[in-house]
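This report describes a protein chain in plain terms. Please look through the sequence and the model before reading on.

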Amino acid sequence: MKREIQLLISEEFAEKIIPENDSVRLADEIIDEMNLDCLYDTYSNTGRKWATEPSVMLKILVYANMQGIYSSRGIEKACQRDINFMWLLGGKKAPNHFEIARFRSGRLSECGNEIFYQLVKKLSVLGEIKFEHLFVDGTKIEANANKYSFVWKKSTTKYETRLLEKLEKLHVELCAKYLTCSATAEDLLKHLKSNISEPFVYGRGKRKSELQRDVEQLEEMLQRKSKYESYQVIFDGRNSFSKTDPDATFMHLKEDHMRNAQLKPAYNLQLAVEGEYITGLDISSERSDQLTLIPLLEKMENNLECSYGDVTADAGYESEENYTYFENKGQGCYIKPQNYERSKTRKFKNNMALRENMQYDADKDEYTCQNGKKLKAVYTGTRKSKSGFESEITYYECESCEGCPYKKSCTRAKGNRKISLSKRFLEQRKKSLDNITSPMGVLLRTNRSIQSEGAFGVIKENYKFRQFLLRGKKKVATEITLLAIAYNINKYHSKIQSNRTGSQLHGKLLA
């Protein structure tokens, strides 16, 4: 009966019902103009023919995301009831939720990235994107994982160390008891199992032999050792992961309904925005934004085959590594220093214990504290970041803090006051401060808060996208890529309706 009803809805009837300026028509037109060879290449030439045309399936998924429908069952229901989805299907049979789920997590995960950047290039041809000013921001979105499935690196390392000590002790005892020569724990277990003459007994009232107890204890320890080793591989530089979704890391989320700063499994979503359009995205398991900026920009450059004139980001991205990256690339950099807001407060300016408020003699390379004592350079060293970037650090020490009346407010150290800093980083921070306080910097920072943070506001509030449905970084990336395609088409449609096409920045540059 459903099939007959769908066939009765002809294209002429749909053409009359759906307005000419409806967003579904724009989505259909844009996807029709794309080169979808990468999508068709995911299908085998010798296999069974698809039930729904891949291009039509892509249109359905994109338009579903445009309407805030994400579950495969919800999309299936929309295809059976919504006139716009029926128009996209052309009167053909609606796909079931199994087909939709397989297409999204299987086929689209292989080519979603290429399709997204095709759309970005098309928007560039239309004059919507000019690759001039890029605004970057990140947010954490909860993963589809159990909240209490955490595995912590610190605890794992502690338990693994204890286990290895016990295993070594047991290994020595069993070798002395059963073998005349030394062997690994694994070989020892094989030897013990080969010497079993009677079957093992289990259950109440059964008395285990000494050999059975030794075999079971050694086997249990080796299994735990193998488990901890696999955990250490999964961590891959992180301090936690979820058993339900090993790619997810436990992070603090702003949407904390219990208001107790509870950690939840999540992904760090990075978006790059220009002209209110999402022009780049990346999914990271890193909690900090500092290590996500360079991978995002390199991914965009590889896919777009061009780089932006300047990049604007908030204080969370400030680091010597990121500053150096922009210097080497010759790109403009508008990153707000982490102490920018704090430096404007009266408390900061009156705190003479801070290095920023000490007098510095560049010729002698020394600081003078509020008590008139000199902090002289003692030695230099290198500091390596998590990503492997090395920076040169200069260490200073006060000539004498003995009897100083300001020592309690200056340092908690028992000896003299010490400070360490990177001179190159301080120069880069000063340059970035000059950039963000310039008229252009003020305009770009204003637009960053409007455009990049506005994109997250639309995604979370308007689209109600607050948790991923799929698991694993690859599938999660496909899910957010679909949403970004839908977001850009909706934004283009909105600009057409409000006659704002081609607009890039909000506000005017003040002299």
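What share of the contacts in the protein with a separation of 6 or more comes from residues 24 or more positions apart? Such residues account for 67% of those contacts, where contact means heavy atoms within 4.5 Å.

The model is predicted: local features need pLDDT of at least 70, side-chain atom pairs count only at pLDDT 80 or more, and totals for chains, interfaces and linings use all residues. Residues are numbered from 1 along each chain as its sequence is written, and side-chain values use heavy atoms, with hydrogens and water left out.

## Overall form

The protein has 19 helices and 13 strands. Helices (H or I, at least four residues) and strands (E, at least two) are DSSP runs, numbered from the N terminus. Along the principal axes, the C-alpha atoms fill a box of roughly 90 × 90 × 40 Å. The radius of gyration of the protein is 30 Å, whereas a compact globule of 511 residues would have one near 24 Å. This radius is taken over C-alpha atoms, and the globule rule is 2.2 Å times the number of residues to the power 0.38.

The accessible surface comes to about 27,900 Å², and carbon and sulfur atoms hold 49% of that area. Areas come from the Shrake-Rupley method with a 1.4 Å probe; for residues, only the protein chains shown count as cover. Of the 511 residues, 45% count as buried. Buried means under 20% relative accessible area, exposed over 50%, and partly exposed in between (1.4 Å probe, protein chains only).

## Nonpolar cores

A nonpolar core is a set of buried Ala, Val, Leu, Ile, Met, Phe, Trp, Tyr and Cys residues joined through side-chain atoms within 4.5 Å. The largest one has 88 residues, and L58, V62, L108, I115 and I489 have the most contacts inside it. Apart from neighbours within four places in sequence, V62 is in contact with I31, L482, I485, A486 and I489. A second, separate core has 20 residues, among them L163, L174, L188 and L189.

## Aromatic rings

Rings of Phe, Tyr and Trp (its six-membered ring) pair if their centres lie within 6.5 Å; planes under 30 degrees apart count as stacked, over 60 as edge-to-face and the rest as tilted. By this rule there are 19 aromatic pairs. Y231 and F241 form an edge-to-face pair because their ring planes are at 70 degrees, with the centres 5.5 Å apart. Y231 belongs to helix α11 (residues 210-235) and F241 to strand β3 (residues 240-242), so this pair ties together parts that are 10 residues apart in sequence. Y231 is buried at a relative accessible area of 15%, and F241 is buried at 2%.

Y367 and Y396 also form an edge-to-face pair. This pair links distant parts of the chain, with Y367 in strand β10 (residues 366-368) and Y396 in strand β12 (residues 390-398), 29 residues apart. Y367 is buried at a relative accessible area of 5%, and Y396 is buried at 1%.

| Pair | Centre to centre | Angle between planes |
|---|---|---|
| Y231 and F241 | 5.5 Å | 70 degrees |
| Y367 and Y396 | 5.3 Å | 85 degrees |

Elsewhere, ring pairs link Y70, Y267, F465 and F468 into a cluster.

Rings can also lie under a charge, which requires NZ of Lys or CZ of Arg within 6 Å of the ring centre and within 35 degrees of the ring normal. R25 lies over the face of W87, 5.2 Å from the ring centre. The charged end of R107 is 4.1 Å from the centre of the Y43 ring and sits over that ring.

## Helix α13 and strand β12

Helix α13 (residues 320-329) is largely enclosed by the rest of the structure because 7 of its 10 residues are buried. The buried residues are E320, E321, N322, Y323, T324, Y325 and F326. They pack against α12 (293-304), β7 (310-313), β8 (332-335), β12 and α17 (423-437). S391 lies in strand β12 and is buried, with a relative accessible area of 11%. Not counting residues up to four places away in sequence, S391 touches E320, G381, T382 and R383.

## Positive phi values

Most residues other than glycine have a negative phi. K464 has a positive phi near 55 degrees. K464 sits in the loop between α18 (439-462) and α19 (473-497) and is exposed at 58% relative accessibility. N499, in the segment after α19, has a positive phi of about 55 degrees although it is not a glycine. N499 is exposed, with a relative accessible area of 69%.
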